[in-house]
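Subject: Structure handover

Hi,

Here is the structure I promised. Please open it alongside this email; my notes follow below.

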Amino acid sequence: MMGMAVHVVKSDGVLALYNGLSASLCRQMSYSLTRFAIYETVRDMLGSSNKGPMPFYQKVLLGAFGGFTGGFVGTPADMVNVRMQNDMKLPPELRRNYKHAIDGLIRVFREEGLKRLFSGATMASSRGAMVTVGQLACYDQAKQLVLGTGVMGDNIFTHFLSSFIAGGCATFLCQPLDVLKTRLMSSKGEYTGVMHCLRETAKLGPLAFYKGLVPAGIRLVPHTVLTFIFLEQLKKNFGIRIIS
């Protein structure tokens, strides 16, 4: 990871490390908005009717549904994000050179059609389901267990510990799908579909599905921690009732 970072900075400058930032933000505004809205709304509704927290299996099912839906909604921005980040690895003559997320979305639509915008939707949706189970369902369960010990209260330290656990779970669960999703979205037609990509990756051995696990953890764990710390503070300060 460090070698790649040094290579990128030397060849393209520090700002190249942020290639795809606009697409990444666009993806979060579609993908995360959808999955959090579904999970939080339904969880609070069921929690109110059940007079208590949902059982873990219901959290898993709800997280999977919300994540799958969010993954599908966020697929176009996700694909542009992957392409913009992969551009730096390509020779200059093969780079797509999208100016920003909207430019990328328009160009893909014009040059490759609407169907191409949802290339990798199966993997993106499946990954969305897994990462949402890892993040939201595991966070809720970890927080419930931590609070149940009576050692820690509902404060920022509990939120940090619970979100750290959730980030680790999410990284481990979604990395195989992340590898397949990235291969499909950055491909130039070498894969005929998801199963073909799965078979080709499997030929490289089981560890091929966990290639990039450390960088993924370095990205996803802090992302998860910051997401839930900010979310809890927003809930607390805007008066939304939190069911623990």
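Is C197 buried or exposed? C197 counts as buried, because its relative accessibility is 0% (buried means under 20% relative accessible area, exposed over 50%, partly exposed in between, with a 1.4 Å probe and protein chains only).

First, the ground rules. This is a predicted model, where local features need pLDDT of at least 70, side-chain atom pairs count only at pLDDT 80 or more, and totals for chains, interfaces and linings use all residues. Residues are numbered from 1 along each chain as its sequence is written, and side-chain values use heavy atoms, leaving out hydrogens and water.

Now the cysteines. The whole structure holds zero disulfides (a disulfide is a pair of cysteine sulfur atoms within 2.5 Å). C169 is in none; its nearest cysteine sulfur belongs to C138, 4.1 Å away. C169 is partly exposed, at 29% relative accessible area. C197 is in no disulfide either; the nearest cysteine sulfur, from C174, is 16 Å away.

Next, a helix pair (helices are DSSP runs of H or I, at least four residues, numbered from the N terminus). The axes of α7 (residues 121-149) and α8 (residues 156-185) come within 8 Å and cross at roughly 170°. Therefore α7 runs roughly antiparallel to α8 (angles over 145 degrees, on a scale from 0 to 180 between N-to-C directions). Their contact has 21 nonpolar, seven polar and four charged residues (Asp, Glu, Lys and Arg count as charged; Ala, Val, Leu, Ile, Met, Phe, Trp, Tyr, Cys and Pro as nonpolar; the others, Gly among them, as polar).

Last, S32. S32 sits in helix α2 (residues 21-50). S32 is buried, at 12% relative accessibility.

Best wishes

Terms used. Helix = DSSP H or I, 4+ residues; strand = E, 2+ residues; numbered from the N terminus. Parallel < 35°, antiparallel > 145°, perpendicular 65-115°, else oblique.
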